[in-house]
Structure formats: structure tokens, C-alpha cells
Amino acid sequence: MPIRLEIVTPEKAVYADDVDMVIAPATDGYVGILPHHAPLLTTLGPGEFRVKKGGVEEVLAVFGGFMDVRGDRVIVLTEAAEPAEEIDAQRAQEARDRAQQALQAGPMSAAEEAHARASLQRALVRIRVSERRRRRL
Ligand code: ATP
């Protein structure tokens, strides 16, 4: 019995398919979901969202939101979800370098620092996800 996975952002439905397993970046750490998982409602952090189906693993970067697990249905509502194939690794590396330079450059307001840290975190997630891409298990 597969899991029905739906990933939705404010812009579009990113993913809708029957899958074997999900590993999601919950705020408290990664959680694995197999069929018949207990009901769960959790917030998601920025991180790697892994989907296993038929011996293949797909990876997406997700940025916050919620995951609702009920029966064999997993609904993810997230700010953004980017499949590994759509991530431009070089752009993410440039964003990481810019954020690190800004953080090292010296005094900045709390808001600027929070912005740079969030940007760095997004870039690091994108780099990690783009390195994984789709692979056979
Ligand atoms: P950058 O500084 O490179 O613009 P960012 O973290 O500021 O990165 P976001 O504000 O998170 O970018 O995203 C803006 C838009 O650009 C979104 O649609 C996002 O999906 C896309 N995007 C950001 N970085 C990348 C990337 N490395 N590869 C592909 N799309 C990206």
C-alpha cells in the first residue's frame, strides 16, 4: 500500500504521486514516513525532502511550512519546493559566498544579519540537494 504524497506551494502543486517512503526535514529533525504511519502534524524547516519510489530516490529542497500525515496521505504545504534538477548549483554557491562575505564584513543591523543568515541557510540547502539529485537506491 503506497503513500499518497502531495506537495503544494502558494504558486503551484509541485508533486502529486504514490510513493513508498518520505523523509522530511521537520523543525525538530528529519522524520521518516512509511505506510501506516501514526497521524502527525509538524512544521518543516529548510532542508532536504527525500522521496523513495520504486527503487529511485528523488530529492527536493523545501523551505518551511507544514506536513500533515493522516492515514496513507501526506500533504506538504511549503513556501517553496525545488526539485534537485531545477537547482542551479553555481547560483547557490554564489548566493552562499555573498551571504558569508556579508556576515564577515562587519557590523550590520539585526535585520540585515537575519537576512544574510536566512540567505546562507537557503543556499546551503540548495547546494546539498543539488549534489544529491535523483539516484538509484
Ligand atoms: P539568490 O541570491 O541566488 O537570488 P535567494 O535565496 O535570494 O537566492 P530566493 O529569494 O529564495 O533566492 O528565491 C527567488 C527565486 O529564485 C525562487 O523562485 C527560487 O526558486 C529561485 N532560486 C533561487 N536560487 C536558485 C537556484 N540556485 N537555482 C534555481 N532557482 C533558484
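Colleague: Which residue forms a salt bridge with Glu-57?

Modeller: Keep in mind that this is a predicted model, where local features need pLDDT of at least 70, side-chain atom pairs count only at pLDDT 80 or more, and totals for chains, interfaces and linings use all residues. Numbering runs from 1 along each chain as its sequence is written, and side-chain values use heavy atoms, with hydrogens and water left out. A salt bridge here is a side-chain nitrogen of Lys or Arg within 4 Å of a carboxyl oxygen of Asp or Glu. With the closest N and O atoms 3.7 Å apart, the partner of Glu-57 is Arg-132.

Colleague: How many salt bridges does the rule find across the interface of domain 1 and domain 2?

Modeller: The bounds, from an automatic or database domain assignment, are 3–84 for domain 1 and 87–136 for domain 2. Across their interface, the salt bridge count is four.

Colleague: Which element gives the most to the side of domain 1 that touches domain 2?

Modeller: Strands are DSSP runs (E, at least two residues), numbered from the N terminus. Those giving two or more residues to that side are β6 (46–53), β7 (56–63) and β10 (81–83). With seven residues, the top contributor is β7.

Technical notes. Helix = DSSP H or I, 4+ residues; strand = E, 2+ residues; numbered from the N terminus.
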